[in-house]
Amino acid sequence: MSDAQAEAAKLASDRGSEDLSQVPAIFERPTGWRAVYYHPIVQVSLLAFVCFMCPGMFNALTGLGGGGQVNTTDQANSNAALYSTFAFFGFFAGTINNYLGPRLTLMLGTLGYPLYVASYLAVNIHPGAGAFVVTSGALLGVCAALLWTAQGSLMMAYPTEAQKGMFIGIFWAIFNLGGVVGSAVAFGQNFHSTVSLLVPGSKPKIGFLILTFIGVVLPVFLADPYQMVRTDGTKVVRVTHPSWKTEFFSLFVALKDDPWILLLFPMFFASNYFYTWQFNDYNGAIFTIRARGLNNLVYWSSQIVGSVFIGYLILDQKLYKRRTRAFIGWVLVFLMVFVVHIWAYFYQRTYTRESVSVATEIDIYDSDFPAHVWLMIFYGILDSMWQTYAYWLMGAMSNDLSKLAVFTGFYKSLQSCGAAGVWRADAVKIPYMNIFLSTWCLTAVGMVFALPMVYYRVKDHTEDLNDVPPVVAEKA
């Protein structure tokens, strides 16, 4: 028996003989090459590379501000359409994932990313093709809802209770390397440009397009999640699909059985809201194109640091009980919200939509650039800490793949509702300060609402009868 299996057996004995009927079965892990291929860390890493190729390239393009164009309105309208469809389909994506299975759902989800990148390439060739960008954004919203729901359910189902922070950190680090690589390509291509236009324009996007097509193929190589054995010997619970009606009803059952998830809804709503100000109203507003590229590069690089820090060093720190780690994580994220936004407020006071112009743009050689780029670094750290903590809280509520898929669907749906609204507000030229203050308020409120859920719902061990598979001994 492995150390992890021995630990699971000890945990079962600690819970008492009266709970033996609820103890999950312990399976032998595969051997040889199968032990490597079916290892949860390997599978989560492959999952992360799918997101590296697809959402990672989307992040690199978005982070340039306006998709690297002079006119940011097309991107703002496209993202408003994207997050509107994402919000609608995200609410039901957990049920779709449970019916189709995570691998097929993930593959379908990747299809929208090459189309989205191609739309920006089309704008470089035909500047009047803004409607194509908006349409591709709407289609990407449908695909992204499927991709992120499948991703979230797998990422939270594969680790044991003690490993969830580490697994989320590993995923977030690899995924954000996509933004790092994409940003590095764009920065290198535009290093000698000091104007707000990609030069030569198409080359970075062609590279992004090729990488997104690779991402479409990668889900084929993922293992069947229901054949996976965790490192403690437990198996991922198989999802049954009696009917579409029953599956959609599971959305409301999840809310009824675990209403504490409602307290995370404000946190979910705010989780993509801050991108609009960061990318379009800060990075896209007051920097030259090469400065924007460098800001984008350090932003996604800092996300790797933030996710590993809070995921591995805080949320999975074995020196403290899980409830204690949950409170430490909350305090750190809450403090980061105020540190970063107080800092940003002093910069936002210095410019408006009417005052920004090419003449006022900050370049990488300007004396005030270092202070401004450090704000982007801290924003990147805050973003990764926020997302990692949100996923970790959901993972602390359940180990069941179907329930986690529903939770992730809620997360992505509400996240997209917030993003759709603020991107549209940016498109109709709401003042920068208004968008900034609403971002600050929403992030603060999201953390305040999450605190009672952390206090009352997060336990040292996940207790959910629906998470427990039948006790039947077999070998994987």
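## Close-ups of an all-residue predicted model

**Figure 1. The chain as a whole.** The protein chain has 18 helices and zero strands. Helices here are DSSP runs of H or I with at least four residues, strands are E runs of at least two, and both are numbered from the N terminus. This is a predicted model, where local features need pLDDT of at least 70, side-chain atom pairs count only at pLDDT 80 or more, and totals for chains, interfaces and linings use all residues. Residues are numbered from 1 along each chain as its sequence is written, and side-chain values use heavy atoms, with hydrogens and water left out. Of the 476 residues in the protein chain, 59% are buried; that label means under 20% relative accessible area, with exposed over 50% and partly exposed in between (1.4 Å probe, protein chains only). Take contacts (heavy atoms within 4.5 Å) between residues at least 6 apart in sequence: 86% of them join residues at least 24 apart.

**Figure 2. Helix α9 against helix α14.** Residues 164–189 form α9 and residues 289–315 form α14; the two pack at an angle of about 170°, with their axes 8 Å apart. That angle makes α9 roughly antiparallel to α14. For the geometry, axes are lines fitted to C-alpha atoms, for helices over the stretch in contact, and angles run from 0 to 180 degrees between N-to-C directions. As for the wording, under 35 degrees is roughly parallel, over 145 roughly antiparallel, 65 to 115 roughly perpendicular and the rest oblique. Sort the residues of this α9–α14 contact by type and you get 14 nonpolar, 11 polar and one charged. Nonpolar covers Ala, Val, Leu, Ile, Met, Phe, Trp, Tyr, Cys and Pro; charged covers Asp, Glu, Lys and Arg; the others, Gly among them, are polar.

Figure 3. The structure holds 43 aromatic pairs. One of them is Y275 with F279: their ring centres are 5.5 Å apart and their planes sit at 20°, so this pair is stacked. The test takes rings of Phe, Tyr and Trp (its six-membered ring) with centres within 6.5 Å, and calls planes under 30 degrees apart stacked, over 60 edge-to-face and the rest tilted. Y275 and F279 are four residues apart in helix α13 (residues 274–286), which puts about one helical turn between them. Both Y275 and F279 are buried.

**Figure 4. Charges over rings.** R323 has its charged end over the ring of Y455, 5.6 Å from the centre of that ring. K412 lies over the face of W148, at 4.3 Å from the ring centre. To qualify, NZ of Lys or CZ of Arg has to be within 6 Å of the ring centre and within 35 degrees of the ring normal.

Figure 5. S45 belongs to helix α3 (residues 40–53) and, at 17% relative accessibility, counts as buried. Skip its neighbours within four places in sequence, and S45 is in contact with I170 and I174. A122 is in helix α7 (residues 112–125), and its relative accessibility of 17% makes A122 buried. With neighbours within four places in sequence left aside, A122 is in contact with A129 and F132.

**Figure 6. K429 and its positive phi.** K429 sits in the loop between α17 (401–427) and α18 (432–457). Its phi is near 70°, a positive value in a residue other than glycine. Most residues other than glycine have a negative phi. With a relative accessible area of 43%, K429 is partly exposed.

Figure 7. V220 is in the loop between α10 (203–217) and α11 (244–257) and counts as exposed at 52% relative accessibility. V220 and M107 are 113 residues apart in sequence, yet 7.7 Å apart C-alpha to C-alpha. V253 lies in helix α11 and is partly exposed, at 30% relative accessible area; its C-alpha is 9.7 Å from that of K403, 150 residues away along the chain. D400 occupies the loop between α16 (369–397) and α17, where D400 counts as buried at 6% relative accessibility. D400 and M156 are 244 residues apart along the chain, with their C-alpha atoms separated by 8.8 Å.
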